[in-house]
Amino acid sequence: MKVTELRIGNFVSNYPWTELLEVTMINKLGGMSFNNILFGDVDKVQAIPITEEWLIKFGFKQSTPDTFKKTKHWYHDDTTIWFEYNLICYIYEGNGNIYCGHIKNIHQLQNLYFALVGEELIYNG
């Protein structure tokens, strides 16, 4: 993971996926603090994959399965971001959907949400 992908408030994990870390500081040299503790080895920081459990923690809701597609979708009340049953990300735009398949990790979702809404995605873990 590159330091340039992260913003203060993003969630990541330390290797080997044992602890949830929140980015609390990033300096000009690429040094970071997590949970207000200086962390020097950025190479051991891992992205957290988007799962249904994480979507629930961020306030996404599951829609009723469509009778035609028979699949479930995840949506958030405050935005046009939604996920198909296989957790592929889309942004609804008035004329259709914008595919955002590259959004696969929690910090990417947090950044996308902030870019669209101008507020942090609230974590209810």
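These legends describe several views of one predicted protein model.

In this predicted model, local features need pLDDT of at least 70 and side-chain atom pairs count only at pLDDT 80 or more, while totals for chains, interfaces and linings use all residues. Residues are numbered from 1 along each chain as its sequence is written, and side-chain values use heavy atoms, leaving out hydrogens and water.

**View 1**
Helices (H or I, at least four residues) and strands (E, at least two) are DSSP runs, numbered from the N terminus. Along the sequence the pattern reads β-β-β-β-β-α-β-β-β-β-β-α. Of the 125 residues, 37% are buried. Buried means under 20% relative accessible area, exposed over 50%, and partly exposed in between (1.4 Å probe, protein chains only). The accessible surface comes to about 7600 Å², and carbon and sulfur atoms hold 54% of that surface. Areas come from the Shrake-Rupley method with a 1.4 Å probe; for residues, only the protein chains shown count as cover. Contact means heavy atoms within 4.5 Å. Among contacts with a separation of 6 or more, 41% join residues 24 or more positions apart.

**View 2. The largest nonpolar core holds 19 residues.**
A nonpolar core is a set of buried Ala, Val, Leu, Ile, Met, Phe, Trp, Tyr and Cys residues joined through side-chain atoms within 4.5 Å. Phe 60, Ile 81, Phe 83 and Leu 109 touch the most other members. Helix H1 (52–57), strand S8 (81–83), strand S9 (89–93) and helix H2 (106–117) each supply at least two residues of this core. H2 gives the most, with 4 residues. Look next at Leu 109: beyond four places in sequence, this residue touches Ile 50, Leu 55, Phe 60, Ile 81, Phe 83, Ile 103 and Leu 121. Another core, of 7 residues, lies apart from this one; Leu 6, Val 12, Met 32 and Val 45 are among its members.

**View 3. Strands S1, S2 and S3 pair in the antiparallel sense.**
Two strands pair if DSSP finds at least two bridges between them. S1 (11–14) and S2 (20–26) share 3 bridges. Phe 11 has Glu 22 in S2 as its bridge partner. S2 and S3 (32–34) also pair over 3 bridges. Here Ile 26 stands opposite Met 32. The hairpin of S2 and S3 has 5 residues between the strands, and Gly 30 takes a positive phi near 95°. In a regular strand, side chains alternate between the two faces of the sheet.

**View 4. Ile 8 lies in the segment before strand S1.**
Beyond four places in sequence, Ile 8 is in contact with Val 23, Thr 24, Met 25 and Ile 26. Ser 33 is 25 residues from Ile 8 along the chain, and their C-alpha atoms are separated by 9.3 Å.

**View 5. His 76 sits in the loop between strand S7 (74–75) and S8.**
His 76 is buried, with a relative accessible area of 8%. Leaving out residues up to four places away, His 76 touches Phe 58, Gly 59, Phe 60, Ile 81, Tyr 113 and Leu 121. A polar atom of the His 76 side chain lies 3.1 Å from the backbone oxygen of Phe 58.

**View 6. Cys 89 and Cys 100 form no disulfide.**
A disulfide is a pair of cysteine sulfur atoms within 2.5 Å. The count by this rule is 0. The closest cysteine sulfur to that of Cys 89 is in Cys 100, 4.7 Å away and too far for a bond. Cys 89 is buried, with a relative accessible area of 0%. Cys 100 is buried too, at 5%.

Notes:
Polar contact = N/O pair within 3.5 Å; in protein donor to acceptor, adjacent residues only side chain to side chain.
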